[in-house]
Amino acid sequence: MLLYDSHTDSPSQIIRLRNMGIDNPLAQQDFPKMRRGGVSGSFFALYTPASYTPDQATRYALEMISAVYDAADENPDYAALAFSPSEAQEHLKQGIMSLFIGMENAAPIQESLSLLRSFYRLGVSYITLTHNGDNAVADSAAEGTRWGGLSPFGRSVVKEMNSLGMMVDLSHASDATFWDCIRWSKAPIICSHSCCRALCGHRRNLTDEMLQVLGEKDGYVGINFYPAFLSDDFGKTPSDAALLDEADAVEARFIEEPWNPVRVRAWHQMQERLQKEIWLPGVEAVADHIDHAVKMAGIEHVGIGTDYDGITVAPKGLEDISKIGALFDELRRRGYDNESLERISGRNLMEVFQRVINCSESA
Ligand SMILES: [Zn+2]
């Protein structure tokens, strides 16, 4: 079975000195775990915090690109960079995994279409227009006050991405940004790591109307594994909420000094505590969101965007990418046939990627 994941945050972890070539205890993702999970390819997202200045964001994104190239170069038996579905096909024949590059938060392109083109040439295949902050391109779900959707510059970004064959990714975008992109994009739209608002009320989950239009416009949604997007019950008891706050503080200290063994150990201990102490949804919750998205968008438009390495804690039974088979077992139990499973596990993602490239060539 092919398995392509539309969103993971491993570049942030590589920058924090994660060696992708070894099986790291408590890591949600590294190359050995990806191989054990049967991964064919994965989008490695260049996430930049909304708090960075434009120049800091650009510099940090370039450093992460370098880190991803280095991780591939150091592990040629595991993986290589891929810029298109056809390159991914070649890697399958060679028995190695494909690393695609996505950008999460358009801040690194600043207000420059030439920076956008430079990142495209370095291999960036999609841009998640915002993270949890409005930026020069568009409004986010977390704020949503600066432009009322796409900015005037954002419209020219979408147009340029259409003509380059880059995917426009609307996970984290405000509802108004979503509808603006549906209106302005000539190519299908993706939401690389989003869940369904009908099942969990988080503001950045997709409404039924959004899921329907993604299907109608030949787009794609990758279901996210983060418990806060899967279930309204996550983190709600006072003790769970307090532990999550503590986890944020421990992680912030680890990010400041990833070389400091004391801080690394504290982060690892916190990972263990979270997995043991907090209430977590299970595999069924992820399957519920897939079921609902399939009902709304159609079987050809749903996949997985795990968000591994970017989430504080993962669902029970899906603690890391090596365990992803449990999700497909659950879907099989629910009656999905082989073709449907193959679509959800990766074919839909490769097909939408190809459709976006085709759109750029026919323009
Ligand atoms: Zn994200």
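**Close-up views of a predicted model**

**View 1. Helices α10 and α11 and the residues through which they meet.** In this predicted model, Asp240, Leu243, Leu244, Glu246, Ala247, Val250, Glu251, Arg253, Phe254 and Glu256 of α10 are in contact with Arg263, Val264, Ala266, Trp267, Met270, Arg273, Leu274 and Glu277 of α11, where contact means heavy atoms within 4.5 Å. Sorted by class, this contact of α10 with α11 holds 10 nonpolar, no polar and eight charged residues; here Ala, Val, Leu, Ile, Met, Phe, Trp, Tyr, Cys and Pro count as nonpolar, Asp, Glu, Lys and Arg as charged, and the others, Gly among them, as polar. Helix α10 covers residues 238-256 and helix α11 covers residues 261-277, and the two pack at an angle of about 155° with their axes 9 Å apart. Axes are lines fitted to C-alpha atoms, for helices over the stretch in contact, and angles run from 0 to 180 degrees between N-to-C directions. The two helices are therefore roughly antiparallel to each other, given that angles under 35 degrees count as roughly parallel, over 145 as roughly antiparallel, 65 to 115 as roughly perpendicular and the rest as oblique. Helices (H or I, at least four residues) and strands (E, at least two) are DSSP runs, numbered from the N terminus.

**View 2. Helices α8 and α12 and their crossing.** Helix α8 (residues 208-216) packs against helix α12 (residues 283-297) at an angle of about 60°, and their axes are 7 Å apart, which makes α8 oblique to α12. The contact is formed by Asp208, Leu211, Gln212 and Gly215 of α8 together with His292, Ala293, Met296 and Ala297 of α12. Among the residues of this contact of α8 with α12, four are nonpolar, three are polar and one is charged.

**View 3. Ser6 in strand β1.** Ser6 is found in strand β1, which covers residues 4-8, and Ser6 is buried, with a relative accessible area of 0%; buried means under 20% relative accessible area, exposed over 50% and partly exposed in between (1.4 Å probe, protein chains only). Not counting residues up to four places away in sequence, Ser6 touches Phe43, Tyr126, Ser192, Tyr220, Gly222, Ile304, Gly305 and Leu349. A polar atom of the Ser6 side chain lies 2.7 Å from the backbone oxygen of Ser192.

View 4. Thr48 lies in the loop between β2 (41-47) and α3 (54-74), and with 0% relative accessibility Thr48 counts as buried. Leaving out residues up to four places away in sequence, Thr48 touches several residues, including Tyr60, Met64, Glu104 and Asn105. Asn105 is placed in the loop between β4 (97-104) and α5 (113-121) and is buried as well, with a relative accessible area of 2%. The phi of Asn105 is near 95°, a positive value in a residue other than glycine.

**View 5. Ser98 in strand β4.** Ser98 lies in strand β4 and is buried, with a relative accessible area of 0%. Apart from neighbours within four places in sequence, Ser98 is in contact with Ser40, Gly41, Ser42, Ala80, Ala82, Ala88 and His91.

**Notes on the views.** Residues are numbered from 1 along each chain as its sequence is written, and side-chain values use heavy atoms, with hydrogens and water left out. Because the model is predicted, local features need pLDDT of at least 70 and side-chain atom pairs count only at pLDDT 80 or more, while totals for chains, interfaces and linings use all residues.

Terms used
Polar contact = N/O pair within 3.5 Å; in protein donor to acceptor, adjacent residues only side chain to side chain.
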